[in-house]
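Let's take a walk through a protein model together. Keep the picture beside you and check each stop as we go.

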Amino acid sequence: VKLVNKKIPQALRVVEEISNGFAQDDAVDAAKCAALARTIKNTPQDYDDNELEAISKGKEFYEKCKVNKHREEIESPDGRVKMYLVHVDGQSLGTGVATTVVDTSPEECAAYEYNFESREFKRTAKERNI
């Protein structure tokens, strides 16, 4: 029994090394994200009138938030992100705004945020209470 207890961890270490060698989660996620970014960038977008109106209202609201002097800074958990609460006059709700610098294209950024089915997201969602 002592010999078996001594040899089993060594034998299982080989299985773990083989498993780690085949683990391609990051590469699979990156390829899927890159493909989605290419689709977003290269596929012409046709918007109906309701979508164009929603886009216009969203841009207008963003501009109001940007120039609003009545905003309260919120402590960010990430030092690279500035966060603040804005209450646009006439609106009943406050809006949270976060800004940072991202070194990527808008398409890659959108694809990354949209890719909720990634292996990384599934692996870390529970510890982030998602």
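Before we look at partners across a sheet, here is one idea to hold on to: two strands count as paired if DSSP finds at least two bridges between them. Keep in mind, too, that this is a predicted model.

Three strands form an open sheet, arranged in the order 1-2-3, and their pairing is antiparallel. Strand 1 (71-74) and strand 3 (95-99) stand at the edges, each with a single partner strand, so one side of each has no neighbour in the sheet. On average, neighbouring strands here are turned by 30° against each other, if you ignore direction.

Now zoom in on one of those pairings. Strand 2 (residues 82-86) joins strand 3 in the antiparallel sense, over five bridges. Look for Val86: the bridge partner of Val86 in strand 3 is Thr95.

What lies across strand 1, strand 2 and strand 3? That's helix 3, which runs at about 80° to strand 3.

Next, look for the greasy part. The largest nonpolar core has five residues in all: Cys65, Tyr84, Val86, Val88 and Val97. Leaving aside neighbours within four places in sequence, Tyr84 is in contact with several residues, among them Arg71, Ile74, Thr95 and Val97.

Speaking of cysteines, how many disulfides does the structure hold? The count is zero. A disulfide is a covalent bond between the sulfur atoms of two cysteines. Take Cys33: its sulfur is 9.3 Å from the closest cysteine sulfur, in Cys109, and that is too far for a bond. Cys33 counts as buried, at 14% relative accessibility. Cys65 is in no disulfide either, as the nearest cysteine sulfur, that of Cys109, is 19 Å away.

Let's move on to charges. Side chains of opposite charge can pair when their charged atoms come close. A search of the whole structure finds four salt bridges, and we'll visit some of them.

Begin in helix 3 (residues 49-67), where Glu53 and Lys57 sit four residues apart, about one turn of the helix. These two form a salt bridge, with their closest N and O atoms 3.2 Å apart. Are they buried or exposed? Glu53 is partly exposed, with a relative accessible area of 42%, while Lys57 counts as exposed at 53%.

Further along helix 3, Glu60 and Lys64 are also four residues apart, so about one helical turn separates them. Glu60 forms a salt bridge with Lys64, the closest N and O atoms being 3.8 Å apart. Glu60 is partly exposed at 48% relative accessible area, and Lys64 counts as partly exposed too, at 40%.

Another salt bridge links Asp78 with Arg80, where the closest N and O atoms are 2.9 Å apart. Asp78 is partly exposed, with a relative accessible area of 26%, whereas Arg80 is exposed at 66%.

For a last stop, find helix 1 (residues 2-22), which includes Ile18. Ile18 counts as partly exposed, at 49% relative accessibility. Now trace from Ile18 to Lys41: they are 23 residues apart along the chain, and their C-alpha atoms are separated by 38 Å.

Notes:
Residues numbered from 1 in each chain as written. Predicted model: local features only at pLDDT ≥ 70, side-chain atom pairs only at ≥ 80, totals over all residues. Heavy atoms only, no water. Salt bridge = Lys/Arg side-chain N within 4 Å of Asp/Glu carboxyl O. Helix = DSSP H or I, 4+ residues; strand = E, 2+ residues; numbered from the N terminus. Buried < 20%, exposed > 50% of the residue type's maximum accessible area, 1.4 Å probe, protein only. Core = buried A, V, L, I, M, F, W, Y, C linked by side-chain atoms within 4.5 Å. Contact = heavy atoms within 4.5 Å. Axes fitted to C-alpha atoms, helices over the stretch in contact; angles between N-to-C directions. Disulfide = S-S within 2.5 Å.
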